[in-house]
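Reader: I have a protein model open and would like to learn how to read it. Could you take me through it step by step?

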Amino acid sequence: MTWTKVLSVESLPTGERQVVKVGKRNVLLLNLEGQLYAVDNTCPHLKLPLKNGKITEDGAIVCPWHRSAFDLRTGDVKEWSPWPPGVGKALGMISRQSALPVFPVRVEEGSIWIDVEEQ
């Protein structure tokens, strides 16, 4: 494991999100009700950014572009490219359904650390 210190805990208050660069990856850090998550900021569908994605009540992030949804804990696909209506299924076939990379997070001495494998 290669842990990287990315932010102070104070710089990511509850309800906030921030993108940090670790190696070649852009990682989206989220603080949801005190629980920290680290996911790839790139949607596996068309490689568009997830930073502004909606967070659902069941703990998923929804891509703001084609509404693919991914579990924040596991990265598992909850829904694959349902948008726009009628065209979404065709767009979903452009790339194979795949999970969103998620990364382990820990807090140590007031800092947020994540373990990110290189691409």
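Author: We will go from the overall chain to strands, then to charged side chains and rings. This is a predicted model, so local features need pLDDT of at least 70, side-chain atom pairs count only at pLDDT 80 or more, and totals for chains, interfaces and linings use all residues. Residues are numbered from 1 along each chain as its sequence is written, and side-chain values use heavy atoms, with hydrogens and water left out.

Reader: Which helices and strands does the chain have?

Author: Helices (H or I, at least four residues) and strands (E, at least two) are DSSP runs, numbered from the N terminus. Here the chain has one helix and 10 strands. Their order along the sequence is β-β-β-β-β-β-β-β-α-β-β.

Reader: How many of the residues are buried, as a percentage?

Author: Buried means under 20% relative accessible area, exposed over 50%, and partly exposed in between (1.4 Å probe, protein chains only). Of the 119 residues in the chain, 39% are buried.

Reader: Is strand 10 enclosed or open?

Author: Strand 10 covers residues 111-115, and because four of its five residues are buried, the rest of the structure largely encloses it.

Reader: Which strand pairs with strand 10 over five bridges?

Author: Two strands pair if DSSP finds at least two bridges between them. Strand 1 (residues 3-8) pairs with strand 10 over five bridges, in the antiparallel sense. Look for Ser 8, which stands opposite Ser 111 in strand 10. Strand 9 (residues 105-108) also runs antiparallel to strand 10, joined by four bridges. There, Val 105 has Ile 114 as its bridge partner.

Reader: What do strand 9 and strand 10 form?

Author: They form a hairpin with two residues between the strands. In the turn, Glu 109 has a positive phi of about 50°.

Reader: Are Arg 25 and Asp 40 buried or exposed?

Author: Arg 25 is buried, with a relative accessible area of 13%, and Asp 40 is buried too, at 5%.

Reader: Where does Lys 78 find its partner?

Author: The side chain of Lys 78 meets that of Asp 58 in a salt bridge, 3.0 Å from N to O. This pair also links distant parts of the chain, with Lys 78 in strand 8 (residues 77-79) and Asp 58 in the loop between strand 5 (54-55) and strand 6 (60-62), 20 residues apart. Lys 78 is partly exposed at 40% relative accessibility, and Asp 58 is partly exposed at 44%.

Reader: What does Arg 73 form with Asp 71?

Author: Arg 73 and Asp 71 form a salt bridge, with their closest N and O atoms 3.3 Å apart. In this pair, Arg 73 is partly exposed at 47%, while Asp 71 is buried at 10%.

Reader: Which rings have Arg 106 over them?

Author: A charge sits over a ring if NZ of Lys or CZ of Arg is within 6 Å of the ring centre and within 35 degrees of the ring normal. The charged end of Arg 106 sits over the ring of Trp 3, 4.4 Å from its centre. Arg 106 also lies over the face of Trp 113, at 5.3 Å from the ring centre.

How values were computed. Salt bridge = Lys/Arg side-chain N within 4 Å of Asp/Glu carboxyl O.
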